[in-house]
Every structure is written in C-alpha cells, then in structure tokens.
Amino acid sequence: MQWSKVGVVGGGTMGQGISEMLAAQGLDVILIDRTTQKLEQAWEHIENSLDKQMEKWAITAAEKKLILSRIHKSTDMSLLTDCDMVIESISEDLEQKKLLFEQLDMLCPAPVILASNTSTLSLTEIAASTAHPERVIGMHYLYPVSRIHLVEIIRGLKTSEETFSQTKRFVETTIQKHGVQVYESPGFVTTRLICVLINEAMHTLSERVASAEDIDMAMRLGYDFHYGPLELADRFGLDSVLVAMERMFREFGDVKYRPAVLLKQMVRAGELGTKTGQGFFRYDRDGDRL
C-alpha cells in the first residue's frame, strides 16, 4: 500500500509533532481539532518549530514553506474519509477516545487503519467501540517526534496481522523510523519505564538529595539523556505524567507506580511544565528554557 494522505486528530503537542513529521516526509496531512483557536495555536507552534530548524540550518525557507503547504487544518471530521490512515492524538481520556474511534469507524472506509497515539490506555477497549476492531492499532510516538526515531506499535486483542504488517511498513518505510512490536500492557514499554524514573527523580528531589538542576545534569551527562527526567516531565506535562502514573498504579497495584506527593502538589498548583511556563524549570512561550 502507498500512503499519500494521513489524518491527525488532536492539535496538542504530540499532534503538532506528528503532523510536522509526516509533512516533512512528503505526506499530505489533515489536522483536525475541535476549534479554530486550537488549530491556530497548533499552526503557530509548528511554524515556530520549523523556524528553529531554519536557525540551525537544518532546513531552508523553501522547505519550511513546502512542509506547511502539506498541512491542512480543519474542524471538519468528514475530510478524514479520503485519508489512507488516521492517527488519533487527543488527551488521555478513555471515554473521549472511544467516542472518537466510534466516529472514525463510521466515517472511514474499511481498509483505512485507525491508529492511536495513546501512551497508557487499552487498545482493546478503544477498539471495542468500533465495528472493525481488527483495523485499530497503537502507534505511540515519543517526544520530540521529529528527533526520536522510535515508534511503539501496539497490538490490541483483535488487531489483525494485516493491520500490524501495514503499520510496521508505514513506520519503517514511509516515515523512516524504527518500529518495535509491543503487546498491550499499561504504559507499554517506554511510558512504563520513563514514568517510574521521573517519579523516582521527584522523590530524590523531595528528599533533598540533590537540586533539580543537578539531578537532571547527572542523568544527561552520566547516562547520555537528551533531557534530564525532571525537564522531560515538564515537556510531557506534569498532568500527563500524573495521569499515566495513576493509571499504572490502578492497573498493576504496585507501590512503585504510586505518584510522588510532589507531582500531585505541582499539578494542583498549576505548574505543569512547558504548557504553563513553569514546572521544575521555567520556559518561554516557545517552550525554551529560561
């Protein structure tokens, strides 16, 4: 199968990254969100991301213009009927995702693969809301999408072999990333491991073992992390980390998944990281550290 047009539902941080990456790979993208305001915000963030790449001589002004020309933003879900694949990237709310997939299942012809970028939710449960659960699959991208060459491909209970093989081919051939097969389990591989590390970093900070800056520096320089665990939490969104930890704690019942008190306090205080400008560190409106 040849892919030329992909739908992305959800214009948040991950939806923006996925849309930009797909367009950079030569695909037409239909970016869908509920309001024009959210779409304009998404467009502004994508433009800023491309401008930063231009500043580093990674792309030219002509390439930026070409990438943007391939992204078509809309609030009209019916535009997804012409897509070869649809990737869902809305908030981690199971009921919202089930409603969306029920809509997508009715809108999109049977051969179209319906993929979710969920990091913790059950693909089997999401797929159960559709009449064709065999075409539902997880395609979990990592932040930042353009720089991380890994995609977790998650099989639900009824995901067909054809859907999996087509998705793996799309990941490895069309968008040129490495796809790893993951069987459904809360948090999959990457979220399960990184959230426990982030949570432990917060315990370490609370116990005053080291400062936030030194904890992150220890992991960046000592273990070659691109971001330290606390800055990574800021970039994920502390609210998203809390949701992931709480879900894994409920599913596994193991105390190692119990969210740190500091994490809960910061979320209650509205210090969510880059999306609010304040988390463990401070950020400007473009998400750069101050």
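Residues are numbered from 1 along each chain as its sequence is written, and side-chain values use heavy atoms, with hydrogens and water left out. Because the model is predicted, local features need pLDDT of at least 70 and side-chain atom pairs count only at pLDDT 80 or more, while totals for chains, interfaces and linings use all residues.

Helix packing comes first. Helices (H or I, at least four residues) and strands (E, at least two) are DSSP runs, numbered from the N terminus. Axes are lines fitted to C-alpha atoms, for helices over the stretch in contact, and angles run from 0 to 180 degrees between N-to-C directions. Helix 7 (residues 190-206) and helix 8 (residues 212-223) have axes that come within 10 Å and cross at roughly 140 degrees. The two are therefore oblique to each other; angles under 35 degrees count as roughly parallel, over 145 as roughly antiparallel, 65 to 115 as roughly perpendicular and the rest as oblique. The crossing of helix 7 and helix 8 is right-handed (a crossing is left-handed if the near helix is turned anticlockwise from the far one by less than a right angle, and right-handed if clockwise). Here L197, A201, T204 and L205 of helix 7 meet A212, I215 and M219 of helix 8, where contact means heavy atoms within 4.5 Å. By class, this contact has 6 nonpolar, 1 polar and no charged residues; Ala, Val, Leu, Ile, Met, Phe, Trp, Tyr, Cys and Pro count as nonpolar, Asp, Glu, Lys and Arg as charged, and the others, Gly among them, as polar.

Helix 7 also packs against helix 10, at an angle of about 110 degrees and with the axes 10 Å apart. That makes helix 7 roughly perpendicular to helix 10. T191, R192, C195, V196, I198 and N199 of helix 7 make this contact with V241, A244, M245, M248 and F252 of helix 10. The residues involved divide into 8 nonpolar, 2 polar and 1 charged.

Helix 10 (residues 238-252) in turn packs with helix 11 (residues 261-268) at about 135 degrees, their axes lying 9 Å apart. That angle makes helix 10 oblique to helix 11, and their crossing is left-handed. From helix 10, L238, D239, V241, L242, M245 and E246 meet L263, K264, M266 and V267 of helix 11. This contact holds 7 nonpolar, no polar and 3 charged residues.

The second largest pocket has a volume of about 170 Å³. Of its 14 lining residues, E20, M21, A24, Q25 and S146 are the closest to its centre. Helix 1 (13-24) and helix 2 (36-55) each supply at least two residues of the lining, and helix 1 gives the most, with 3 residues. The lining comprises 7 nonpolar, 5 polar and 2 charged residues. On a 1 Å grid over the protein atoms alone, a cavity is a set of points where a 1.4 Å probe fits but cannot get out, and a pocket is an open set with protein on both sides within 12 Å along at least five of seven lines; lining residues have an atom within 4 Å of a point. Grid points are joined across faces, edges and corners, and a volume is the space filled by probe spheres set on the points.

Two loops complete the picture. Most residues other than glycine have a negative phi, and most peptide bonds are trans. The peptide bond from Y143 to P144, however, is cis, with omega near -5 degrees; P144 lies in the loop between strand 6 (136-141) and strand 7 (150-155). Q176, although not a glycine, has a positive phi of about 55 degrees, and sits in the loop between helix 6 (161-174) and strand 8 (178-183).
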